[in-house]
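Here's a quick briefing on charged side-chain pairs. Have the sequence and the coordinates open while you read.

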Amino acid sequence: MEKNWSELTTDQKQEAMFQSWLSPQGIKYKDEKAEKAYKERATRIKDAIQLKKTPDRVPVFPIIGFFPAFYSGMTPRDAMYDYDRLSNAWKRYVLEFEPDAHLGIAIPTPGRVFDILDYTLYSWPGHGVSERHSYQYNEGEYMKADEYDAFIQDPHYYFTVTYLPRIFKALKPFSALPNFANIQEIVFVGPNILPFGMPEVQNAFKALFEAGSEALKWIGYVGAFNNEMTAAGFPNFFGGFSKAPFDTLGDTLRGTRGIMTDIYRRPEKLLKALDAITPLMINMGVSAAKAAGNPIVFIPLHKGADGFMSDEQFKTFYWPSFRKLLIGLIEEGCVPFPWAEGGYNSRLEVIRDIPKGKVIYGFDMTDMAKAKEILGDVACIGGNVPLSLLQIGTPQDVKDYIKNLIKVAGKNGGFILMNGAAIDDAKPENVKAMINAAKEFGVYR
């Protein structure tokens with residue numbers, strides 16, 4: 001590029017990120033047909049997002065969880081521990097169902113890594129839940145109410161010496177680690193390096209190294225899968241991941257009860273903590289998207305849904321830091337993809353305050369006619385296919401629902417057909433009907 005990245009406009013950065021996704025480096029396509037199909041699929045999604053051009057048809061992107069595992073006769077636990085079977089099952093899903101994009105094989109995260117570190121934040125298949133079930137979050141206050149000041153002052157150090165030792169039992173000795181910002185002069189070196197000589201600290205690092213080796217093995221399969229699917233003509237929808245700052249604090253640190261009481265008992269501390277963590281969440285999404293050469297950053301939304309808080313609380317505590325995250329990602333050429341779990345009917349007017357053609361809003365149980373009316377001129381929308389329909393409906397039920405959904409939400413483009421919640425154990429014929437319905441009813445004439 002003739003200009004340095006910092007000299008580019010937001011539009012130029014987004015276009016550069018999209019071009020990287022449209023023309024991935026180092027890929028040898030299976031044949032000319034696969035190359036053509038890849039560019040058509042990626043362009044279809046790009047056009048839906050940017051609202052500049054109506055796509056040739058509605059893109060379809062099923063958001064899957066462990067569905068490929070069930071489809072291939074595996075359990076979720078198998079997918080988390082057997083990387084060969086994991087990769088083969090996900091390949092089978094993509095090649096047989098032919099969605100416009102896939103989401104890689106990163107959802108079945110490596111269970112062996114969790115075993116080594118003795119992870120406590122989640123239960124996972126075969127470790128706290130049935131081998132046939134998905135993850136289960138273990139709610140708790142992993143940051144105490146009186147620790148706000150420590151977190152606000154130095155989030156990085158707080159995560160290292162307080163949070164990680166609480167969620168990984170193998171890293172409990174990290175609570176003795178020094179703050180490297182204190183090592184400024186010769187007299188500070190010895191006292192601050194001392195903890196690294198402690199046997200328990202060294203054992204914690206050994207566990208971390210072992211887990212890192214296992215994660216490196218797993219990521220090799222992830223990368224090989226992505227390259228193989230690209231060569232076959234299927235883009236990966238996601239380039240990165242981040243979370244709304246309120247959800248990061250509420251899901252990961254304070255817990256639901258903790259953060260909801262903080263709104264009333266310590267609102268100033270909460271707002272300062274949200275400001276402190278927002279740059280970290282921006283960097284998380286930007287760095288991953290740039291590394292992947294894919295602008296789309298997935299952001300699951302949890303505690304901002306209808307009923308979790310009042311409209312005024314949403315405008316005060318949730319939206320300002322969430323919007324800063326969206327704008328921070330957009331300014332670096334990324335496309336935020338907030339996925340609003342639950343309903344967002346009461347939030348639509350607020351969340352439309354974004355630049356045009358820069359965001360995908362995915363919805364679970366939101367009124368899509370209302371979402372299209374309020375957001376359709378500023379953002380691409382998607383979602384709303386009920387998981388219950390895919391689990392217990394018939395293929396005709398699925399086709400009828402999607403035909404109507406496309407009429408409502410797909411007018412003039414700016415719509416991606418997606419389900420409202422991740423698909424685990426659904427009827428394969430219904431998932432196929434969902435994909436085929438987009439190709440049958442989603443053509444713009």
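Partly exposed here means a relative accessible area between the buried cut-off, under 20%, and the exposed one, over 50%. Keep in mind that this is a predicted model. The salt-bridge count comes to 25, and a few of those are picked out below.

**Helix α10 to helix α6**
- Glu 210 and Arg 112 join their side chains in a salt bridge, at 3.1 Å from N to O.
- That pair links distant parts of the chain, 98 residues apart: Glu 210 sits in helix α10 (residues 199-231) and Arg 112 in helix α6 (residues 111-117).
- Glu 210 counts as partly exposed because its relative accessible area is 39%, and Arg 112 is partly exposed too, at 35%.

- Lys 290 and Glu 332 form a salt bridge with an N to O distance of 2.9 Å.
- Here the partners are 42 residues apart, with Lys 290 in helix α13 (residues 267-292) and Glu 332 in the loop between α14 (311-331) and β6 (335-340).
- Lys 290 is partly exposed at 37% relative accessible area, and Glu 332 is partly exposed at 22%.

- Asp 353 and Arg 323 meet through their side chains in a salt bridge of 3.2 Å, N to O.
- Asp 353 lies in the loop between α15 (348-351) and β7 (360-363) and Arg 323 in helix α14, so this pair ties together parts 30 residues apart in sequence.
- Asp 353 is partly exposed, with 41% relative accessible area, as is Arg 323, with 28%.

**A network**
- Salt bridges also link Arg 44, Asp 56, Arg 57 and Asp 100 into a network.

How values were computed. Residues numbered from 1 in each chain as written. Predicted model: local features only at pLDDT ≥ 70, side-chain atom pairs only at ≥ 80, totals over all residues. Heavy atoms only, no water. Salt bridge = Lys/Arg side-chain N within 4 Å of Asp/Glu carboxyl O. Helix = DSSP H or I, 4+ residues; strand = E, 2+ residues; numbered from the N terminus. Buried < 20%, exposed > 50% of the residue type's maximum accessible area, 1.4 Å probe, protein only.
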